[in-house]
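Take a first look at the model below.

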Amino acid sequence: MVQINKGGGPLYDLSKLKKIGNDDFVRKMILLFIKEVPPSVMLIKVAYMGKDFATLKYLAHRIRPSLQNMGISRLTWEADEIENLAALGKDSPGLEEMIEKLDQVVSQVVESLKAEFKL
Amino acid sequence: MEQFKIFIVEDDPWYGEILQYHLSLNPDYEIFRFTTGKECLANLSKKPGLISIDYSLPDINGFDLLKKIRDFNHDIPVIVISAQKDVNTAVSLLKEGARDYFMKDDNTKDLLWNAVNKERERQSLQKEVEVLKEELGQKYDFNKAIKGNSPALLRIFSLLEKASRTNINVSVTGETGTGKEVVSKAIHYNSERKKKPFVAVNMAAIPRELIESELFGYEKGAFTGAQSRKTGKFEEANKGTLFLDEIAELDLSLQSKILRVLQERELTRVGGNEKIPLDVRLIVATHKNLPDEVKKGNFREDLFYRIMGLPIDLPPLRERGNDILLLAKHFMGEFCKSNKMEAINISPEAKDKLMKYNYPGNVRELKAIIDLAAVMSDGKQINSDDIYFASVSTTDNFSGEEKTMKEYTIDIIKHFLKKYDNNIIKVADKLDIGKSTIYKMIQNKEIIVN
């Protein structure tokens, strides 16, 4: 299922998940995404504020597979870049904006999933 | 069928879920998921068939976890999955014993699936080999491998038990067909080396110019045609038993090389420099009289004493009395079973005929006789006429039973008359007797000429 947001372009694309497993599996993974990813994003923001770049790098690395498998293409580059910049061990220009975008898009995705799947 | 247990150690719930789902598509797999190294280690007693670990776990890194798993049981295959694009890490893990290393990407679940299938097949084949080895060992249990209860054979059983209990070299002598290789295998499969290789080499069957490379192996390029390195029989038999049949056929130069290998307990492949340590139990066999060969200068005395070990001289079948009938019955049973035939009896007359023959080919010949008799019979019973002796030895029937000198003389003359088409002058010449002796026997009806 491909959800189109108001700004154009798909918000997420579940076709990859459907290739892996059946409907029950897809639903399970959606629930996992809703459960795990928003708290991880929150921790990313906390880590950034505390300038804990090692944790920031680890968390960005963690959420990357879920973003890819949910087909959230608008964030694929950001997730990679947050991890790469955090690996430098210091603040970098644009890092804060990317984290902000990550937070916004993930929130949109979660809202949309809940609506679509009546969760 | 027992389920194949797989551990997935992955702290990322998303990734762990995908891997678990994918692998559980096979109902033969039982998946256990852990999020820490500690949980994995605490459950190793469940005997997993394979463990997949994430390199970056919260409580331990993949390298240390791999080491701990292998310390517990180094046979458990471990696959490491990581986002680390680091060749050095991969190499270190593989050197430490990881079965494989995968990058975390879209293909990982398929790679893991293939790796698990491959490992399962490997373990299944390994179990099959263990079972076959066990069966082979049982087949070579003394009483099953060597049939007979004659006094001559019971002495041999006693020696075989002594040989099996230690690593002493053994020299097996006996006429052709007495069971030298069977006895050697029985010793090996009843010894502590039974799970290690038994390698048999017949010196008489290998061209002289190839024996050295066959025994010691060769390095790539050692000679024309040496396209790659080849392991020799000594190396193949390492930790196990090497059986050298017809050892007396070795020429003197090779005897020196073998002596050196046995003394130094190491060998160098042809064309090579590397010294390879050896731990081989040697059993040799010959139909010749080795001490005689030593006296004649055909066999090195020092090598003789090195290989002699425990000498076992197998009695010819003709000296084993009722073992002939015991073996005949056994071979008959085997033949009928393998050819899906009803059991066939042996008539008293056939048994009598079997007991009178002297078997220059020994047990091997008896088997051939019984197999043929089973084919020639009416299917229910072997009669005397079904027994054919086709010995190529010129001393065939003459020593099969006790006779008077006159009876032996008559038999010999009959044999020669048959051979030379009743040409009395020729036979007398060959036997260096007067032709009148033969004529007299014919006149007295001691010999009937057709």
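Chain A has five helices and two strands. Both kinds of element are DSSP runs numbered from the N terminus: helices are H or I with at least four residues, strands are E with at least two. Read from the N terminus, the order in chain A is β-β-α-α-α-α-α.

This is a predicted model: local features need pLDDT of at least 70, side-chain atom pairs count only at pLDDT 80 or more, and totals for chains, interfaces and linings use all residues. Residues are numbered from 1 along each chain as its sequence is written, while chains are lettered from A and ligands numbered from 1 in the order in which they are written.

Now look at two helices of chain A. Helix α4 (residues 76–86) and helix α5 (residues 95–117) of chain A pack at an angle of about 140 degrees, their axes 10 Å apart. Axes are lines fitted to C-alpha atoms, for helices over the stretch in contact, and angles run from 0 to 180 degrees between N-to-C directions. So α4(A) is oblique to α5(A). Angles under 35 degrees count as roughly parallel, over 145 as roughly antiparallel, 65 to 115 as roughly perpendicular, and the rest as oblique.

Which residues of α4(A) and α5(A) make the contact? From α4(A) come Glu78(A), Glu81(A), Ile82(A) and Leu85(A). From α5(A) come Leu95(A), Met98(A), Ile99(A), Lys101(A) and Leu102(A). Residues are in contact if their C-beta atoms, placed from the backbone, lie within 7 Å.

Finally, turn to the contact between chains. Chain B gives 10 residues and chain A gives 11 residues.

Conventions
Contact = placed C-beta atoms within 7 Å.
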